[in-house]
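Please look at the sequence and structure below, and then follow the pairs discussed in the text.

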Amino acid sequence: MIPARRRAKVSATKYTHEEIPAMPGNKEERPVGPTLQGWSERARPVRATITGAWGRLEPLDTAKHGHDLWKAIEGHDSVWTYLSYGPFADEATFLAWLKGREELSDPLSYAVVDAASGKALGVLTLMEIRPAAGVVETGHIFFAPVLQKTRAATEAIFLAMKHAFDDLGYRRFEWKCDALNAPSRAAAIRFGFTYEGIFRQHMVIKGRNRDTAWYSIVDKEWPTVKAAFAAWLKPENFDAEGHQKAALADLRPKAKPAAH
């Protein structure tokens, strides 16, 4: 505690950012980030259908999507290994849980609907939504095996990114996963995310420790990432059996952003 005789009177003066006086005798200049000219808080992601060529993201509706989702994931318990919920004992239990997810705005859930079959085969969300900073994450992803490694699955991630960057003007799109989830980590790199590191002992999931791997794409990278997705998704990139001719990762260094 400071003795009474040494206490200084604290001024109640308030300064604007530009008026803060320099400390006497201290001319040190500390580095700061660049000013974001014209930046303003962004809108939140919309609860609306986002349509692609091979599928679409529809706002999660348990009555509409629930049965198809259950039939697609039933018996595939590995889908839930790295998530904080699941597997579910039966359809009724799953639908009750899904109904609770449907009502949330963060995470905001979308059903991934396959264009060919018209069936919901997976779910992804936009979450950790921070409009003031222009940051959003995709997570709580579960894709049925029939959806995994398909054009519709890849396009679903692309549609979520496109909504964040192009429709909303966000600056950063995040991907986080259990550090032991090798398929998810490989997917992040394939999609064009940059690895940022490990948050050690970040979470407790189902009574187990989780170290979390962090990845991101920022707005200056988006044009190249977007161009690669667009090139990969073109019908001519696939043969008659549906096999890709060029891998997404191979297209990215060669992709040129479309002229505006």
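In this predicted model, D166 and K226 join their side chains in a salt bridge, with an N to O distance of 2.7 Å. D166 belongs to helix α3 (residues 151-167) and K226 to helix α5 (residues 222-233), so the pair ties together parts that are 60 residues apart in sequence. D166 is partly exposed, at 33% relative accessibility, and K226 is also partly exposed, at 28%. As a general principle, side chains of opposite charge can pair when their charged atoms come close.

A second salt bridge connects the side chains of E137 and K176, again with 2.7 Å from N to O. Here E137 lies in strand β5 (residues 135-143) and K176 in strand β6 (residues 172-178), so this pair ties together parts that are 39 residues apart in sequence. E137 counts as buried because its relative accessible area is 5%, under the 20% limit. K176 is buried as well, with a relative accessible area of 16%. Both residues belong to a network of salt bridges that links R130, E137, R172, E174, K176 and E196.

The loop between α2 (91-102) and β3 (108-114) contains D106. D106 forms a salt bridge with R44, their closest N and O atoms being 3.9 Å apart. In total, the model has twelve salt bridges.

Conventions:
Residues numbered from 1 in each chain as written. Predicted model: local features only at pLDDT ≥ 70, side-chain atom pairs only at ≥ 80, totals over all residues. Heavy atoms only, no water. Helix = DSSP H or I, 4+ residues; strand = E, 2+ residues; numbered from the N terminus. Salt bridge = Lys/Arg side-chain N within 4 Å of Asp/Glu carboxyl O. Buried < 20%, exposed > 50% of the residue type's maximum accessible area, 1.4 Å probe, protein only.
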